[in-house]
Amino acid sequence: MNDEYYMREALSLARSAECLGEVPVGALVVRDGEIVGRGFNSPIGASDPTAHAEIAALRDAARNLDNYRLPGCELFVTLEPCAMCAGAILHSRIARVVYGARDPKTGVHGSVVDLFAVERLNHHTEIVGGVLAEECGQLLSSFFAARRAKRA
């Protein structure tokens, strides 16, 4: 299995969020080739501003592994992480993040800032961006276009 395989799994989770009227972002945590955590955006339904896909996947993995630290784990997410999610990724000691589409408004792997490159931080995570970027971006673009059309 490769990065595209896991990103397709994350896209499936993003579609679950979309079905619930949430911004379609999905994430999963993988350790040694096994999916150990899954999540998708649910801040609207959960009335929780922290209910991003990455946070949900990290929480699920931490419960499943019975450890708040997730060394050796990889996080796959359909959208470039925001500052809140980057903080959680770094605190959980995720080894590698793979994301799909860039987020020009809140992305912190270079779109707005690059928190992952701050040398003074005590943990560093390998980042790979652009995996299935077009498909991930199209899902988000279609979602927001449909929302704008409903308001018109």
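Trainee: Where is the place of Val-98?

Mentor: Val-98 sits in strand β4, residues 96–101. Strands here are DSSP runs of E with at least two residues, helices are runs of H or I with at least four, and both are numbered from the N terminus. Keep in mind that this is a predicted model: local features need pLDDT of at least 70, side-chain atom pairs count only at pLDDT 80 or more, and totals for chains, interfaces and linings use all residues. Residues are numbered from 1 along each chain as its sequence is written, and side-chain values use heavy atoms, with hydrogens and water left out.

Trainee: Is Val-98 buried or exposed?

Mentor: Val-98 is buried, because its relative accessible area is 0%. Buried means under 20% relative accessible area, exposed over 50%, and partly exposed in between, with a 1.4 Å probe and protein chains only.

Trainee: And which residues is Val-98 in contact with?

Mentor: Leaving aside neighbours within four places in sequence, Val-98 is in contact with Asp-3, Met-7, Leu-75, Phe-76, Val-77, Val-128 and Val-131. Contact means heavy atoms within 4.5 Å.

Trainee: What about Thr-78, buried or exposed?

Mentor: Thr-78 is in strand β3, and it counts as buried because its relative accessible area is 1%. Beyond the neighbours within four places in sequence, its contacts include Met-7, Pro-24, Gly-100 and Cys-136.

Trainee: Changing topic: which residue has a positive phi of about 50° although it is not a glycine?

Mentor: That is Ser-47. Most residues other than glycine have a negative phi. Ser-47 is found in the loop between α2 (43–46) and α3 (53–65), and it counts as exposed because its relative accessibility is 66%.

Trainee: Which one has about 55°, again not a glycine?

Mentor: Asp-66, with a positive phi of about 55°. Its loop runs between α3 and β3 (73–79). At 72% relative accessibility, Asp-66 therefore counts as exposed.

Trainee: Now the pocket. How many residues line the largest one?

Mentor: The lining has 22 residues, and Val-23, Leu-79, Asp-103, Leu-140 and Phe-144 lie nearest the centre. A pocket is an open set of points on a 1 Å grid over the protein atoms alone, where a 1.4 Å probe fits, with protein on both sides within 12 Å along at least five of seven lines; lining residues have an atom within 4 Å of a point.

Trainee: Which helix supplies the largest share of that lining?

Mentor: Helix α5, residues 133–151, with five residues. By class, the lining has eleven nonpolar, five polar and six charged residues.

Trainee: What's the volume of the largest pocket?

Mentor: About 500 Å³, taken as the space filled by probe spheres set on the points.

Trainee: Zooming out, how many helices and strands does the protein have?

Mentor: Five helices and five strands. Along the sequence the pattern is α-β-β-α-α-β-α-β-β-α.

Trainee: What radius of gyration does the protein have?

Mentor: The protein has 15 Å, which agrees with the value near 15 Å for a compact globule because it has 152 residues. That radius is taken over C-alpha atoms, and the globule rule is 2.2 Å times the number of residues to the power 0.38. The C-alpha trace spans about 50 × 30 × 30 Å along its principal axes.

Trainee: What percentage of the residues count as buried?

Mentor: Of the 152 residues, 44%.

Definitions and conventions:
Ala, Val, Leu, Ile, Met, Phe, Trp, Tyr, Cys and Pro count as nonpolar, Asp, Glu, Lys and Arg as charged, and the others, Gly among them, as polar.
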